[in-house]
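User: I would like a close look at a single part of this model, with the terms spelled out as you go.

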Amino acid sequence: MRKSLYRHTAAWVLGGTAIALAGCAALPGGTADERWADYKNWTKITEGKVQTGDPTGFIGNVHKGPNGYRDVYVNDIGAAMLASEGPYNFPAGTVVVKEQYDNQAAWESGEGAGVTVSLKMTASDDLSKDNWIWAESYTSTAGESAFCSGCHSIAAKTDYVFTNGAFLAAH
Ligand code: HEC
């Protein structure tokens, strides 16, 4: 956090061009969907937490596996719900971004993150995978994914999101 604050401050001092350059340096390369392009400026729900290992027992080899290091960001629409103790049912427009790094050194450097994205498209009293779409990288197109929703169905009771306030209180 200290690092990214420094980056932003430096960019502001240097002016508009520098803001764009600093943004590019901190984010994965390429052009992203505008619904998550700016995710580094969102609420980082894992701030101050070291997320590694396999706390749920379901990570498998996805998200860089149990040796990876991870951070989770949420946009303003979903921030209060994600940070709460539940019960969870996210508002339509919620976007959750997960960064995954190969190892601790990569995580500390903040460079080279893989990015996966969950988007809640439809509000509903019934929790359903059909309310969500998924993107497998920063520059991917979001859409339905049996691969993503299949495993995230393990978290169906918390609206398909594992990393919420209750989870972080326990881990
Ligand atoms: C094999 C199971 C599995 C698959 C497949 C999977 N995930 Fe996950 N995902 C997890 C687990 C487990 C967590 C949270 C716990 C952790 O980090 O250990 C997680 C966390 C996330 C998060 C952070 C919010 C949350 O739900 O905790 C996002 C965003 C995410 N996954 C997106 C995706 C996308 C997009 C795909 C498809 C490209 C995908 N996942 C495929 C298991 C999976």
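How many residues of strand β3 (residues 69–74) are buried?

Analyst: This is a predicted model, in which local features need pLDDT of at least 70 and side-chain atom pairs count only at pLDDT 80 or more, while totals for chains, interfaces and linings use all residues. Residues are numbered from 1 along each chain as its sequence is written.

Six of the six residues of β3 are buried, where buried means that 20 or more other C-beta atoms lie within 10 Å of the residue's own, exposed means 12 or fewer, and partly exposed lies in between, with C-beta atoms placed from the backbone. Strands are DSSP runs of E with at least two residues, helices are runs of H or I with at least four, and both are numbered from the N terminus.

As for its partners, two strands pair if DSSP finds at least two bridges between them. β3 runs antiparallel to β1 (residues 43–44), to which two bridges join it, and Lys 44 has Tyr 73 as its bridge partner. Two bridges also link β3 with β2 (residues 51–52), again in the antiparallel sense, with Thr 52 facing Tyr 69 as bridge partner. With β4 (residues 95–101) there are six bridges, and the two strands run antiparallel; Arg 70 is partnered there by Gln 100, and Tyr 73 by Val 97.

β4 is itself largely enclosed by the rest of the structure, because seven of its seven residues are buried. On its other pairing, six bridges join β4 to β5 in an antiparallel arrangement, and Gln 100 has Gly 114 of β5 as its bridge partner.

Val 97 touches Trp 36, Tyr 39, Tyr 73, Val 115 and Val 117, leaving aside residues up to four places away in sequence, a contact being two C-beta atoms, placed from the backbone, within 7 Å.

Finally, β3 is one of the elements that each supply at least two residues of the shell around the ligand.
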